[in-house]
Amino acid sequence: ETLMSNTDALMEAAAGRVFPGKGTVVGALADTACHNPTQVGSVVEVLVREARKKDKDYVTEVMKSFGRLLKSGSAGDQWTVVWDLTIPHLTPKLPEEEDEEGDVEEMKEEPGPVIIQTDLHEASIRLLEAAWSGCTAKESHFVESSTLLSNLFKTCTWQKQPVLLSALGVLIKESKELESTVLSSGMEVCLKHIMRGVDDVK
């Protein structure tokens, strides 16, 4: 009962705009949920909401907290949610402009690559890594996920390469039971990038 009341109080404190120290509140909320399975669903909703804020430093903290909750195994399969949260930070978006009538149109120019170098990029990759363990549809997502992470090596600074290597390692290690054709398809895409990353880190 005390744990539930603490969780409720923290969820209430996490409402509203970003304020100094809010990352600590959200972190405490995620840590409390690790031991309070009855309210995990509500806590995940809060974390997802907060991870969509515009303050990048705050979002980084939220993603780290979300990752701890996922690693505890209490939150179940959150792969699709995490994928939707992290993809905007890891892939380029087409810029938008308004036409004369005020309608938004996509510009024709191809967007430049995302340089993987910030703490937010690292938190996004680590959150994907944390979510993979609980994913119950690995066979459906393995090729897409390994392709994404492998392609990030092309624009990743050397400081962040160990993070990518770790995520790819978890992806492969925890996918051993997949059908061999699915595994080989994903491995074919990522092997050359893994080896390049290992050489660069050395």
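Among contacts in the chain between residues at least 6 apart in sequence, what share join residues at least 24 apart? The share is 67%. Keep that figure in mind while walking through this predicted model.

Start with the layout. The chain holds nine helices and two strands. Read from the N terminus, the elements run α-α-α-α-α-β-β-α-α-α-α. Of the 202 residues in the chain, 43% are buried.

Now turn to the aromatic residues. The whole structure contains three aromatic pairs. One of them joins Trp 79 and Trp 132 in an edge-to-face arrangement.

Trp 132 has another partner. With Phe 142 it forms a tilted pair, 6.4 Å centre to centre and with 45° between the planes. Phe 142 lies in helix H7, residues 138–151, and Trp 132 in H6, so this pair ties together parts that are ten residues apart in sequence. Phe 142 is buried, with a relative accessible area of 0%. Together, Trp 79, Trp 83, Trp 132 and Phe 142 make up one aromatic cluster. A charge also meets the ring of Trp 132. The charged end of Lys 138 sits over that ring, 5.7 Å from its centre.

Next, follow helix H6 itself. Does its length fit its residue count, or what span should it have? At 1.5 Å a residue, its 14 residues should span 20 Å. The end C-alpha atoms are 20 Å apart, so the two values agree. H6 is mostly covered, with eleven of its 14 residues buried. Among them are Leu 120, His 121, Ala 123, Ile 125, Leu 127 and Leu 128. Glu 129 is also on the buried list, as are Ala 130, Ala 131 and Trp 132. What covers these buried residues? The cover includes helix H4 (56–71), H5, H7 and helix H8 (161–173).

The largest pocket holds about 300 Å³ of space. Its lining counts 13 residues. Nearest its centre lie Lys 56, Pro 88, His 89, Leu 120 and His 121. H4, H5 and H6 each supply at least two residues of that lining. Leu 120 and His 121 are also buried residues of H6.

Finally, look at helix H2, residues 22–33. H2 has twelve residues and reaches 17 Å from its first C-alpha to its last. That is close to the 16 Å expected at 1.5 Å a residue. H2 is mostly covered as well, with nine of its twelve residues buried. The buried residues include Val 25, Val 26, Leu 29 and Ala 30. Lys 22 is buried too, and so are Gly 23, Gly 27, Thr 32 and Ala 33.

How values were computed:
Residues are numbered from 1 along each chain as its sequence is written. This is a predicted model: local features need pLDDT of at least 70, side-chain atom pairs count only at pLDDT 80 or more; totals for chains, interfaces and linings use all residues. Side-chain values use heavy atoms; hydrogens and water are left out. Rings of Phe, Tyr and Trp (its six-membered ring) pair if their centres lie within 6.5 Å; planes under 30 degrees apart count as stacked, over 60 as edge-to-face and the rest as tilted. Helices (H or I, at least four residues) and strands (E, at least two) are DSSP runs, numbered from the N terminus. Buried means under 20% relative accessible area, exposed over 50%, partly exposed in between (1.4 Å probe, protein chains only). A charge sits over a ring if NZ of Lys or CZ of Arg is within 6 Å of the ring centre and within 35 degrees of the ring normal. The expected span of a helix is 1.5 Å times one less than its number of residues. Contact means heavy atoms within 4.5 Å. On a 1 Å grid over the protein atoms alone, a cavity is a set of points where a 1.4 Å probe fits but cannot get out, and a pocket is an open set with protein on both sides within 12 Å along at least five of seven lines; lining residues have an atom within 4 Å of a point. Grid points are joined across faces, edges and corners, and a volume is the space filled by probe spheres set on the points.
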